[in-house]
Structures are given as structure tokens and as C-alpha cells.
Amino acid sequence: MPSPAARRQAINALPECGPADARSIDAFLDTAWAEGGLARATLDSYRRDLQGLARWAGGRAGQPAAPTPASAPPGMDGLDLQDARHGAPGRASGNWLATADRGLLFDYLAWRARAGYSPRSNARLLSCLRAFYRQLVRRGARADDPTALLEPPQLPRSLPKALSEGQIEGLLDAPDLDTPLGLRDRAMLELMYACGLRVSELVDLPANAVNLRQGVVRVTGKGSKERLVPLGEESQHWLQRYLDQARPQLSAGKAVPAMADGQVPLFIDGKRRALSRQAFWGLVKRYAAAAGIDPAKVSPHGLRHSFATHLLNRGADLRSLQLMLGHSSLSTTQIYTLVARQHLQHLHTKHHPRG
């Protein structure tokens with residue numbers, strides 16, 4: 001099975017996305033944003049997915065590309081690019097996306113499966129392609145939808161990975177509170193666990209989203225949908241300490257620059273910038289190791305799973321949990337009932353005399 005590094009090498013060897021495909025992608029994303037209010041991260045993901053297909057199709061048809069690395073593992077060298085059965089329709093203009101047929105899409109998904117992409121990644125790609133071609137059909141740019149008969153890959157039912165309450169306590173206690181960065185990190189961890197935020201929601205949180213007097217935070221989630229989530233006394237305490245003590249030191253008394261959306265970030269680094277998702281991921285891993293937790297078993301999203309699981313274990317109802325998590329469908333929230341059920345079964349087996 002090719003490694004992720006080998007896949008990146010192979011993708012880098014493909015030709016760049018052509019102008020016609022780039023225009024098709026921009027038009028699709030502009031309409032998707034205007035009609036659905038999709039989050040920036042979702043739009044970026046769609047762009048990468050569509051560019052990947054266009055570049056693969058161009059490379060497969062024999063367009064000039066960087067040489068395949070000599071270290072590419074078996075099965076990755078050449079990327080099966082010599083087969084140009086589907087190359088003809090868009091070759092002259094590089095308009096691969098608009099002219100793709102079902103066979104080309106099927107071959108691309110099959111190539112990704114051989115290259116080691118997960119079923120979940122391929123399912124997300126197929127969802128993107130369906131939205132793209134539905135839009136082309138709706139605009140009259142195509143008469144048919146080549147994704148209509150493509151079956152999504154079977155996804156394994158995976159349960160969210162949640163930490164125990166004791167592990168959460170250890171993680172929250174890990175930052176050094178004698179430093180402004182440590183105090184900031186404690187406030188971020190407390191807020192994420194108290195409110196079940198996604199990592200992107202946390203790092204993009206604007207300074208005016210928190211109302212400590214009312215004890216709520218206004219969160220903008222997927223699809224630009226807003227929700228109000230209660231803070232809880234502990235997270236309010238640490239947020240107040242961060243705002244009073246740490247943030248003034250990190251900003252050095254200067255104005256904090258606005259983010260891309262024009263909002264001033266709540267959490268900043270020593271250069272007065274908002275943290276990236278990757279930077280916060282690294283912090284969580286570091287604090288997990290300091291707390292004696294295997295970093296491989298911890299992620300920022302794990303705090304969100306822990307929030308949901310611990311609430312259910314203590315009697316919260318699914319509808320309230322759905323609202324706090326910002327799920328559009330209750331079926332998405334119901335996955336946590338399986339985790340809670342496993343917890344109850346474990347307790348029964350461990351403590352019941354006939355368990």
C-alpha cells in the first residue's frame with residue numbers, strides 16, 4: 001500500500017489544472033457559497049477534490065508533467081497515465097471536468113482506492129462531484145450527470161474516540177499557568193471541552209462572540225449557521241483570566257489585526273495572529289503527552305467527542321446535544337448513543353454481580 005508521502009509525490013508529478021477547469025471550479029464554488037453559505041474549509045476541500053480530478057485526467061491523457069519520482073513505490077510509478085481512453089473529449093482545451101464521463105470518474109475513484117485513499121475520503125470526493133455535476137446540469141452546461149450511477153464506497157461504522165473524564169482533567173491541567181501562552185491554552189481547552197466546539201470554530205472564534213455576563217458563546221458552524229452554546233462556570237473563569245491577564249500581554253498593548261472575515265480573533269499568538277488548526281493540533285498533542293496520555297489517541301476533535309459522550313453519560317437528551325453540537329440532523333448526533341451504551345455495558349459487566 002503506497003504511503004501518504006508516496007501519494008503526495010505522485011500527485012505533485014501531475015500537470016497543473018488547466019484554465020478551463022479552473023474557471024469551472026471557480027464558477028461552481030462561487031455558486032455553492034452564494035446558495036449554501038458553505039464554510040471556507042469546505043470550499044477549500046471542494047477545490048482540492050476537483051483540481052485533483054482535473055490534474056489526474058490531464059496527466060492520464062499524456063499532457064506534460066513533472067517526471068515521476070524514482071523513489072515512487074510499485075503501483076504508483078506512471079500513475080497509469082498512459083491509458084488515454086477518456087482523454088480525447090477535453091484534451092484540446094484542458095476542459096476535463098465539464099467533459100468527463102462515468103467511465104473516467106469510475107477509473108479515477110478506482111485509482112484512488114489502489115493508491116490507498118480511504119473509503120471515507122473517496123465518499124467525500126464523490127459527494128463533491130455530485131454537487132458539481134448537478135450544478136452543471138441545472139445550468140444547462142451538461143445534459144447528463146455522470147455521477148448518477150456511481151455507488152458510494154461502503155464506510156465502516158466508526159465510533160467517536162472520547163477520553164475519560166479523568167484523562168480530560170489531566171489534559172486541562174497540563175498547560176503552564178505562569179505564562180500567558182499557557183493561560184491562553186488552558187482557556188482554549190476549557191472552552192472547547194465545555195462547548196463541544198469544532199477546532200475550526202475555536203480558532204476562528206471572534207472576540208465579540210463571547211458574552212461572559214450572560215454565560216454564552218455565539219458559534220458560527222458549518223454552512224455559516226450560528227448557534228448559542230452555554231459556557232459553564234469553569235470555562236467562564238478561565239476565559240476571564242485569559243482576557244484580563246494573558247491577552248493583553250500577547251498583544252503587547254497593540255491592536256489585534258482582523259482575520260480574513262474582518263473579525264478580530266479571540267485567541268492570539270505572540271505575533272497577535274489567530275492560531276491555525278494545525279498549531280492547535282500540535283498543542284493538544286503536546287499537552288496529552290505531558291498528561292501521560294498517548295498523543296496518537298488524542299486529537300482536538302476528540303475533545304468535542306468527549307463533550308458529547310460525557311453529557312450523554314450524565315443524562316443529557318439527544319435534542320439538546322444536537323443543538324449544542326450544531327448538527328443539522330439528529331441522526332448524526334445519535335452515533336454518540338452507541339458510545340454511551342458501550343460505557344453502560346462496561347459498567348454493568350464490571351460491577352454487576354451477574355455481569
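Q: For contacts between residues at least 6 apart in sequence, what share joins residues at least 24 apart?
A: The share is 62%. Keep in mind that this is a predicted model.

Q: How many helices and strands are there in the chain?
A: The chain has 16 helices and three strands.

Q: And what percentage of the residues count as buried?
A: Of the 355 residues, 42% count as buried.

Q: Let's take a helix pair. At what angle do α2 and α7 pack?
A: Helix α2, residues 19–36, and helix α7, residues 119–139, pack at about 90 degrees, and their axes are 11 Å apart. Angles of 65 to 115 degrees count as roughly perpendicular, so α2 is roughly perpendicular to α7.

Q: Which residues make that contact?
A: From α2 they are S24, A27, F28, T31, A32 and E35, and from α7 they are C128, A131, F132, Q135, R138 and R139. By type, the residues of this contact are six nonpolar, three polar and three charged.

Q: What about α3 and α6, how do their axes cross?
A: The axes of α3 (residues 40–60) and α6 (residues 102–114) cross at roughly 100 degrees and come within 11 Å. These two helices are therefore roughly perpendicular to each other as well. On the α3 side the contact is made by G52, L53, W56, A57 and R60, and on the α6 side by L104, L105, D107, Y108 and W111.

Q: What kinds of residues are those?
A: The contact of α3 with α6 has seven nonpolar residues, one polar and two charged.

Q: New topic: pockets. What is the volume of the second largest pocket?
A: The second largest pocket has a volume of about 310 Å³. Its lining has 16 residues, and E169, E190, Y193, A194 and E234 lie nearest the centre. The elements giving two or more residues to this lining are α8 (165–172), α9 (180–195), α11 (233–251) and α13 (300–313).

Q: Which element gives the largest share of the lining?
A: That is α9, with four residues. The lining of this pocket divides into six nonpolar, three polar and seven charged residues.

Q: Where is I293?
A: I293 is in the loop between α12 (277–290) and α13. With a relative accessibility of 8%, I293 counts as buried.

Q: What does I293 touch, leaving aside neighbours within four places in sequence?
A: I293 is in contact with L163, Q167, L171, A288 and V298. The C-alpha atom of I293 is also 8.6 Å from that of G170, though the two residues are 123 apart along the chain.

Q: Last one: which residues other than glycine have a positive phi?
A: A252 has a positive phi of about 55 degrees, and R272 has a phi near 65 degrees. A252 lies in the loop between α11 and α12, and R272 is in the loop between α11 and α12 too.

Q: How exposed are A252 and R272?
A: A252 counts as exposed, at 56% relative accessibility. R272 is partly exposed, with a relative accessible area of 23%.

Terms used. Residues are numbered from 1 along each chain as its sequence is written. This is a predicted model: local features need pLDDT of at least 70, side-chain atom pairs count only at pLDDT 80 or more; totals for chains, interfaces and linings use all residues. Side-chain values use heavy atoms; hydrogens and water are left out. On a 1 Å grid over the protein atoms alone, a cavity is a set of points where a 1.4 Å probe fits but cannot get out, and a pocket is an open set with protein on both sides within 12 Å along at least five of seven lines; lining residues have an atom within 4 Å of a point. Grid points are joined across faces, edges and corners, and a volume is the space filled by probe spheres set on the points. Ala, Val, Leu, Ile, Met, Phe, Trp, Tyr, Cys and Pro count as nonpolar, Asp, Glu, Lys and Arg as charged, and the others, Gly among them, as polar. Axes are lines fitted to C-alpha atoms, for helices over the stretch in contact, and angles run from 0 to 180 degrees between N-to-C directions. Angles under 35 degrees count as roughly parallel, over 145 as roughly antiparallel, 65 to 115 as roughly perpendicular and the rest as oblique. Contact means heavy atoms within 4.5 Å. Buried means under 20% relative accessible area, exposed over 50%, partly exposed in between (1.4 Å probe, protein chains only).
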